[in-house]
Amino acid sequence: MPSTQKPMRYGHTEGHTDVCFDDTGSCIVTCGSDGDVRIWENLDDDDPKSINVGEKAYSCALKNGRLITAVLNNTVQIHTFPEGAPDGILTRFTMNANHVIFNSDGTKIAAGSSDFMIKVVEVTDSSKQKTFRGHDAPVLSLSFDPRDVYLASASCDGSIRVWKIADQTCTTSWPLLQKCNDVINAKSICRLGWQPGNGKLLAIPVDKVVKLYRRETWDSQFDLSDTFITQTLNVVAWSPCGQYLAAGSVDGSIVVWNVENQECIERMKHEKNYSVCGLAWHPKYRQIAYTDTEGNLGLLENIGNGKKPNDKVASTVTKDYNDLFDGEDDDYLDGDMIEPQSSPKAGDNEDDADDLMPTSGHLRRAIIDDDDNSLDIGMIKANSSLLEKEDDDDDQTGGFPALPPSSTQQPFYDGPMPTPKQKPFQSGSTPAHLMHRFMVWNSVGIVRCYNDEQDNAIDVEFHDTSIHHATHLPNSLNHMMADLSTEAILLACESTEELASKLHCIHFSSWDANKEWTVDMPKDEDIEAICLGQGWAACATSALLVRVFTVGGVQKEIFSLPGPVVSMAGHGEQLVIIYHRGTGFDGDQCLGVQLMELGKKKKQILHGDPLSLTKKSYLVWVGFSAEGTPCYVDSEGIVRMLNRGLGNTWIPVCNTREHCKGKSDHYWVVGIHENPQQLRCIPCKGARFPPTLPRPAVAILPFKLPYCQVTTEKGQMEEQYWRSVVFHNHVDYLSKNGYELDENAKSQLVKEQQELLMKLFALSCKLEREFRCMELADLMTQNVVNLAIKYASRSRRLNLAQRLSEMAVEKASELATAPDDEEEEEDFRKHLNAGYSNSATEWSRLPVRNVQQDQEMENAEETDAYEEVEETPEVHKQRPNPFCKGVTSAEVTTPKSVVIVSSSQGRVNPFKVSSNKKDPVVPSANVLDTMSKHSKKTSLSSSRAVNKQNPPVIKPLIPKPKSKQALAASFFQARTPNSSAKTVEEREEKAGNESHEVKVTAQENTENKRPQTGFQMWLEENRANILTDNPDLNEAEIIKEGMSRFRMLSSEERVVWTEKAKGGTVNDLAEDKKRKRPTADEDEVKKNQEQKSEDSNVSKKPKPLDQSTNVRLSAFAFKQS
Amino acid sequence: AITSVKCFEIENALETLGDLGPFNPGLPVEVPVWLAINLKQRQKCRLIPPEWMEVEKLEEIRDQERKEDTFTPMPSPYYMELTKLLLNYASDNIPKADEIRTLVKDTWDTRIAKLRLSADSFVRQQEAHAKLDNLTLMEINTTGTFLTQALDHMYKLRTNLQPGESAHSQDF
């Protein structure tokens, strides 16, 4: 029950006043700047007795029928009470005294003056004076130790001193106050006070807290504070029983604490917010009289609850005083449970109040029985430690002003403490209690909510105004939640007394005239979280239900949640729901996650798995990356992403706190993109979320997996590699689910990964870590393994090279069984599908086949020499096809490596161990195989411009299987060709534009006349010169001549030409061969040419690496490393 | 088919046009000022003012400028130009635009006053050299032509005066 606060009444003219009760409490005595002392029978006394004591009275004290006052003429006088007759002057100062007090038995008074002095005078004998010198500024306030040993004083010099009265020495001093030069400038008059009774504690109002110091040790025992106090405290006053402490502030608030449990039991506000400068407890009743600087007098009655427990208190107090505060189990609860008017934790903290409910410890507190001192001590202890912990918890999570645990409570282990469950929230929203807040900020747009006096409205704004123009909606239903997609705006409100909780959807992409629908929830069911996907909307309710709607408003699935929802998010067909699996302990949350697909095939992917959160953190954001991978962020700033490549585990991909400058800075995540790797978020200085104005700017953070030793080159590359792998997962997922995606980006990703692997390989080679090299090679695709073999042999690690080639062959033969079955259509298709669903296998298998085919080709070619090549010109058309890859991927970053790769296929044989004898037709089919795949890539890349305009990846459910089938069909067609030319034609018929592409490439290849090697380029340029010098040379001789001239060039020049050749777009095997055909008979020339042309992997004879290959390889190696 | 590009960050330099974009709705992008202003005028974007363009920083700069006798370094060599342009065309994207305008004007006035003073003392004390650090181009141009020409004139006058004086003294 709140205390009663009587209306204030005029007491004195404006100015400083002081107040006290007489010994019996029968009247209130005030003094003021009008120089009068007034004696009030009670507050309603219309005719108080006035005693004029001087021109201006600064302070008065009353005891044993003596009234002392400090007045303007620098004296401290005595008057009789209640008569008011002057009884002499006790002492004088050179300046006026600011505060006078009696000691506990009324035999002495102390006065502190503006002349920096403090005097203690015996009331009966004013000659017995003690002077305390030491303050360097006017003395503000004094307080007598109830045991008469010490005297405390506060001064404008900023110090609080404790003096020993007997020898007038300063016992201790604390610099607690702000310095000032005069009393009128002091922020606070700092009326301090000793605890009545034994004087165990000294209470000092310092700024907004009351500091309590312990007698003798003089160390700070604890602070009393309250969020209610917003201004400096002016006065403190102990209740006569010593149990309660009242404090008044300069803005007129009065707060009363129960000192034992440091609980605030009373909060009161001065009706006019004048500064409280006098405060006095009634000696018996729970009354406080107070005066303000405007001369008004007020009275607070029934402090605490309505009872008047003073008598009982008094008795218990006397009984327990001696061991009251000496650190033992003195939880003497004095009978009445003093229920706080409002819990201290009600102090709303912007930061966390929205996220964490205050612990509801009141329940347990209530079980403590009334007025029973012999209560089970353990229980009290448990309870008090619970309270304490609660406070700690609050401190740490939010910043409820510090209530340090009192040392009166012994530490007591109470087992793990349950964490309050975090409230449901919408991702990308700011707390609901704000007047201006974001309801959602996602990759589509921003929904803001204004809720102030003049307006209650919702603003919707789209990042891309081509989706929809910005809109402004009235918010009459008081919507609290929102989500936004490219199709609709979804809003939801909680139920009120009359209205049910509503889901409101504005489906702006609808083509009919009705763009809105609303659905009422059943009675007593509140919507707690909502989300939008593609074509559907969902809401989770307090009845632990998830309701799914179509975006047009048809009710669809409904299912139960295992626990209260925390948040949910939608993307495409996917729905992720996070809920409480149970109760977390010691600051941890216990959350579970469900991931479902609501497409044609409905399935659950994550079946309520536990959600990994950083210790003592809670969830702050959950959503999907733009590519559709679920991600979430916890309050410690760790961003985690679903790693579909590792059995749907969560991998931390970024720690936003690492990027923060200040300790209290945060990043507020608004979106995640996997390609390019971007974490879009808003930097917030000193807050967890941004304000709506000024409009915050989005920043981009990079991702970083928490790998070890990322400062070293190795760690860095490992991190890069695995990050690339993780951020590549979505590609597989999307392709598996039939989404159209950019093959080009995919191949780029693979290339990037392989490049990193090669770099790592080179690094390990350099460090002579051959075993590690092998492990790395295990991760590589076949092409790159070949490159690695080459690198190893180049760097004279023959052992490694040998092992690598063994591994390559092993891999090849391992996978060779699969290609064997290729004849079977079913199998092959499956294989193909597998290739699509899992790019890694695709990529590793494909090259294997190439190698195999190469080996077979070698076998064939070793026997048939070149005849086959020369006799069947069609083959030439086909043969270059493997290098289509080179052509098509020329626009990809490293054409060079590709070329090497192609040449390396010819190079396998040095380490060749076995080869599967096979129908020579099959290789050609395989060649086609690769070709068509790559040509498809070309077609894709050629239509890249078109693709680019589309949103990067998601283009759902384009009937892709068809093209797959066509592709497959073309393979099978190609598998049994009688003549390759025919095949090409057939392919053209069957595979439509793809094979058209193929043909084009093939033509390009045949038509491509550009020389490819440096020498050839050089020769092209210098042919005229040679011819003018020796006009009668035939082609072969020209080449010969050219060769010798080229050799005479300086190495730099040659390098220039080689570089030129590399720079060109290129492939030219066909052309190479064409050139050869006319000169086919001149073996020698050909040999020469082969020696020079690095890329003519037509060279069938196993040869050691020739010069220029070495140059290029080393160039590659250098670049890589 | 331009969809609206929502956000631009101003590169605080009138530099050559390099690679721009990619423009993502909602993501800030750094573009040259002329392009930003152009897009702003077509209502295709919002501008994000440069970091220094906020009241506290500018107050600090102004106070510093007033306190010191020499020129203090400015946050951008084109501070005046940028302020003018941005405030003229994009004042709705800049919080407290009016205050910023006043602050920058104050700073500018202080600096120009200093410049005049130093020019005055330069001439008065007939110094041959003066070192003026941290002046921006625009500030130099406000006084450059006038000062050099004035010095030219004075030089001429002085050299003309010299023979006259000596001739005069010879009379004695």
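View 1. A nonpolar core is here a set of buried Ala, Val, Leu, Ile, Met, Phe, Trp, Tyr and Cys residues joined through side-chain atoms within 4.5 Å, where buried means under 20% relative accessible area, exposed over 50%, and partly exposed in between (1.4 Å probe, protein chains only). Helices (H or I, at least four residues) and strands (E, at least two) are DSSP runs numbered from the N terminus. The model is predicted, with local features needing pLDDT of at least 70 and side-chain atom pairs counting only at pLDDT 80 or more, while totals for chains, interfaces and linings use all residues. Residues are numbered from 1 along each chain as its sequence is written, chains are lettered from A and ligands numbered from 1 in the order in which they are written, and side-chain values use heavy atoms, with hydrogens and water left out.

**View 2. Helix 5 of chain A.** Helix 5 (residues 729-736) of chain A is largely enclosed by the rest of the structure, because 7 of its 8 residues are buried. The buried residues of helix 5 of chain A include His730(A), Asp732(A) and Tyr733(A). After helix 5 of chain A comes Gly738(A), which has a positive phi, near 75 degrees.

**View 3. Val698(A) in a loop of chain A.** Val698(A) is located in the loop that connects strand 51 (678-684) with strand 52 (699-701) of chain A, and with a relative accessible area of 9% Val698(A) is buried. Although Val698(A) and Trp668(A) are 30 residues apart along the chain, 9.4 Å separates their C-alpha atoms.

**View 4. Trp722(A) in helix 4 of chain A.** Trp722(A) belongs to helix 4 (residues 713-726) of chain A, and its relative accessibility of 33% makes Trp722(A) count as partly exposed.

View 5. Asp98(B) itself is exposed, as its relative accessible area is 58%.
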